[in-house]
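Open the structure in your viewer and keep the selection tool at hand. This tour goes stop by stop, saying what to pick and what is there.

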Amino acid sequence: MAVIGFIGLGNMGLPMAANLVKAGHEVLGFDAVPDVLQHAKDAKIITCAAAKDAADEAEIVVTMLPNGEIVNAVLDEILPVMDPGTLLIDCSTIDVQSAKTLHARAAEAGIMSIDCPVSGGIAGAAAGTLTFMIGGSEEACKKAEPVLDVMGARQVRCGDGGAGQAAKICNNMLLATTMIGVGEAFSLGKKLGLEAEALYDVMSTSSGSCWSINTYCPVPGVGPQSPADNDFKPGFATSLMIKDTTLAQTAAAECGQATPMGYNALELYKQFLADEPADLDFSGIITWLENAERG
Ligand code: NAD
């Protein structure tokens, strides 16, 4: 069993760290918000007064933070106290450039690193069924494997440093566009007098089928249980979808790749969110599409 530092004990980080404790690891945790530390204590995480205290004695440090700027600031604190040969696992969703900077800074300090964003949401974090998309050396991935096994069900090494974040934003940009397409198809079908159930039966088994229909159908009472059946309570908050599609647009601009569907999807989610609470599930955009003016 390992001594693991865990920095960022929010909606995702706390249940992930709690699963490490349940598996018998000694987890030293830090979060910038004192209330969060109380929840961490309840989960038998040893709480620390600063990020560097959580990293000092750790063989492995996991970070689960809001953005690249914050991850970089936390590195300023923890890299000087981490021993050479230890491993840094950044599970946050951050921009590809910040992820590459993280790897360069860790390598300079003799520390192994992987960028390791997740899919599966808060429910997956609690159940230990997350999917990890990983960028980093094979050696670092091997060292991370037993710890990731505790927190998730699937690990995919996507390539060298930054590849995990790249895969995450490509996947979520695709999801953003398919959900809008599905919302448009159901909205048009409704105007044309189709029953949603009949349209679902066709689309879920035809060439238009995709995860946004088959698993996460945005029409209440149609298909498997989804946030649509719970007034679009997340699920996956629209604010997070906007975060991820913005990261995709930043990366596309940096490498000069046209992504017109991704660009338009981001603009539509922003318009949708202007009228709705930020934590509404992203699939709720169907309600906005149904009422949108035809331009
Ligand atoms: P969150 O806001 O609930 O948690 C982030 C935590 O980081 C907060 O508790 C905050 O206090 C803490 N924090 C901020 N700055 C800090 C600092 N300098 N030092 C220590 N702690 C600090 O967010 P979350 O939902 O847990 O998401 C975490 C990451 O996971 C994000 O990058 C997000 O994009 C990604 N993600 C979230 C989901 C989801 O469904 N929530 C799904 C996949 C990926």
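Predicted model: local features only at pLDDT ≥ 70, side-chain atom pairs only at ≥ 80, totals over all residues.

**Stop 1: the cysteines**

Select Cys-141 and Cys-116. The cysteine sulfur closest to that of Cys-141 sits in Cys-116, 7.9 Å away. A disulfide needs the two sulfur atoms within 2.5 Å, so this pair is too far apart for a bond. Cys-141 itself is buried, with a relative accessible area of 9%.

Now pick Cys-210 and Cys-217. For the sulfur of Cys-210, the closest cysteine sulfur is the one in Cys-217, at 9.6 Å. That is again too far for a bond. Cys-210 is partly exposed, at 23% relative accessible area.

**Stop 2**

Turn to the charged side chains. Side chains of opposite charge can pair when their charged atoms come close. The count of salt bridges here is six.

Select Asp-76 and Arg-105. Their side chains form a salt bridge, with N and O 2.6 Å apart. Asp-76 belongs to helix α4 (residues 68-78) and Arg-105 to helix α5 (residues 96-108), so the pair ties together parts 29 residues apart in sequence. Color both by accessibility. Asp-76 is partly exposed at 47%, and Arg-105 is partly exposed at 25%.

**Stop 2: a link across 100 residues**

Next, select Lys-190 and Glu-290. These two form a salt bridge, and their closest N and O atoms are 3.6 Å apart. Lys-190 lies in helix α8 (residues 163-191), while Glu-290 lies in helix α13 (residues 285-291), so the bridge ties together parts that are 100 residues apart in sequence. Is Lys-190 buried or exposed? Its relative accessibility is 53%, so Lys-190 counts as exposed. Glu-290 is partly exposed, at 27%.

**Stop 3: a pair inside one helix**

Go to helix α12 (residues 260-274) and pick Glu-267 and Lys-270. Their side chains meet in a salt bridge, 3.7 Å from N to O. The two residues are three apart in the helix, which means about one helical turn separates them. Glu-267 counts as partly exposed at 27% relative accessibility. Lys-270 is partly exposed too, at 41%.

**Stop 4: a network**

Show Glu-138, Arg-157 and Asp-160 together. Salt bridges link these three residues in a network.

**Stop 5: positive phi angles**

Select Lys-44, in the loop between α2 (34-42) and β3 (46-47). Lys-44 is not a glycine, yet its phi is positive, at about 65°. Lys-44 is exposed, with 65% relative accessibility.

Then jump to Phe-232. Which loop holds Phe-232? The one between α10 and α11 (238-255). Phe-232, also a residue other than glycine, has a positive phi near 60°. Phe-232 counts as buried, at 9% relative accessibility.

**Stop 6: a buried serine**

Finish at Ser-204. Look for it in the loop between α9 (196-203) and α10 (211-214). Ser-204 is buried, because its relative accessible area is 13%, and buried means under 20%. What does Ser-204 touch, not counting residues up to four places away in sequence? Ser-209, Ile-213 and Asn-214. Display those side chains to complete the view.

Definitions and conventions
Residues numbered from 1 in each chain as written. Heavy atoms only, no water. Helix = DSSP H or I, 4+ residues; strand = E, 2+ residues; numbered from the N terminus. Buried < 20%, exposed > 50% of the residue type's maximum accessible area, 1.4 Å probe, protein only. Contact = heavy atoms within 4.5 Å. Salt bridge = Lys/Arg side-chain N within 4 Å of Asp/Glu carboxyl O.
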